[in-house]
Amino acid sequence: MKKFIQRTSLFALPSLLALVSALSLQEGYDDTPFLPGGKWRVHDKSRPRPPLVTPGVGTGAPADAIVLFDGSDLAEWKKGDGDDAEWKLVDGAMEVARTGSIQTKREFGDIQLHIEWRTPPEVQGVSQGRGNSGVFLMGKYEVQILDSYKNESYADGQAAAMYGQTPPAVNASRGPGEWQSYDIVFDAPRFESESGSLASPAIVTVFHNGIVVHHARAFIGATSHRTVAEYKAHANKGPIVLQDHGNPVRFRNIWVREL
Ligand code: MG
């Protein structure tokens with residue numbers, strides 16, 4: 001054995017190492033078994049590589065995101081009736097101005113959404129009257145915004161609740177006046193083209209301040225108040241709506257990626 005090692009280390013070992021290293025540097029395989037579906041092999045060398053996306057700095061927008069609000073203007077937003085959005089621009093944020101809810105000019109289906117919001121620093125009102133707003137996906141499915149810091153309002157109306165349906169798994173709220181974030185992954189519902197009946201529900205995953213509070217959870221239907229939500233067939237895209245519930249909630253750093 002000693003002799004073998006001596007010999008191979010002198011002659012064969014370098015070429016053996018070269019072979020091992022060449023194998024591990026190979027950019028894929030064409031002799032491995034097929035994955036389910038039969039299109040690609042395990043480690044398939046001809047499978048297209050994922051497209052490059054430069055990530056944002058911190059919570060900033062990645063290169064392939066649509067920036068919906070960066071503090072400078074309301075160009076991506078309008079009122080429900082199509083008129084210009086009239087929310088206030090303050091300190092790089094926009095603030096609910098009791099002029100009605102606003103919605104994106106663009107419409108979306110399946111998305112990843114990042115949004116930051118802040119309820120008023122001074123607590124005014126109680127329960128659902130305290131820093132209430134909301135993010136309506138497709139204009140229909142609300143992820144609640146509320147000052148839920150030491151607020152005993154009903155569970156399915158707390159911040160990050162699928163309003164009127166499912167409370168968040170935990171209350172991850174920061175205090176009044178502190179900036180908070182939602183990172184939302186949303187799958188639009190699908191409807192049968194003929195009958196209009198529901199084929200698959202709207203599904204949402206929500207991180208509140210970086211903490212997962214809904215994981216692939218289905219909406220029962222379009223958000224409603226004091227009734228059980230129901231689905232009605234609708235278009236496969238819709239706007240993102242930010243709710244004017246009369247409380248001066250602020251928003252900043254909003255971006256979306258279509259999935
Ligand atoms: Mg609300």
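Mentor: The domain assignment divides the chain into domain 1 (1-49) and domain 2 (66-258), the bounds coming from an automatic or database domain assignment, and the centres of domain 1 and domain 2, taken over C-alpha atoms, are separated by 50 Å. This is a predicted model, in which local features need pLDDT of at least 70 and side-chain atom pairs count only at pLDDT 80 or more, while totals for chains, interfaces and linings use all residues. Residues are numbered from 1 along each chain as its sequence is written, and side-chain values use heavy atoms, with hydrogens and water left out.

The magnesium ion is coordinated at 2.2 to 2.4 Å by Asn-132 (OD1), Ser-133 (O), Glu-142 (OE), Gln-144 (OE1) and Gln-243 (OE1). Donors here are N, O and S atoms within 2.8 Å of the metal (3.2 Å for Na, K and Ca), and since water is not among the atoms, sites may look incomplete. Along the sequence, these donor residues follow the spacing N-S-x8-E-x1-Q-x98-Q. Strands (E, at least two residues) and helices (H or I, at least four) are DSSP runs, numbered from the N terminus.

Both members of that pair are buried, which means under 20% relative accessible area, with exposed set at over 50% and partly exposed in between (1.4 Å probe, protein chains only). The relative accessible area is 0% for Ser-133 and 15% for Gln-243.

Strand 7 itself has five of its five residues buried, so it is largely enclosed by the rest of the structure. Ser-133, Val-135 and Leu-137 point one way from strand 7, whereas Gly-134 and Phe-136 point the other way.

What flanks this strand can be followed through its pairing, where two strands pair if DSSP finds at least two bridges between them. Strand 7 is joined by five bridges to strand 8 (residues 141-145), which runs antiparallel to it, and Val-135 stands opposite Val-143 of strand 8. The two strands form a hairpin with three residues between them, and in the turn Met-138 has a positive phi of about 55 degrees. Strand 7 also pairs with strand 14, again in the antiparallel sense and over two bridges, with Phe-136 having Val-241 as its bridge partner there. These pairings belong to an open, antiparallel sheet of five strands in the order 2-5-14-7-8, whose edge strands, strand 2 (77-79) and strand 8, each pair on one side only.

Gln-158, found in the loop between strand 8 and strand 9 (180-187), counts as buried at 11% relative accessibility. Not counting residues up to four places away in sequence, Gln-158 touches Gln-144, Leu-146, Ser-148, Asn-151, Glu-152, Ser-153, Pro-168 and Asn-171, a contact being heavy atoms within 4.5 Å.

A nonpolar core is a set of buried Ala, Val, Leu, Ile, Met, Phe, Trp, Tyr and Cys residues joined through side-chain atoms within 4.5 Å, and in the largest one, of 42 residues, Leu-113, Tyr-182, Phe-186 and Phe-251 touch the most other members. Strand 7 and strand 8 are among the elements that give two or more residues to this core, as are strand 1 (66-69), strand 6 (111-118), strand 9, strand 12 (203-208) and strand 15, while the largest share, four residues, comes from strand 6.
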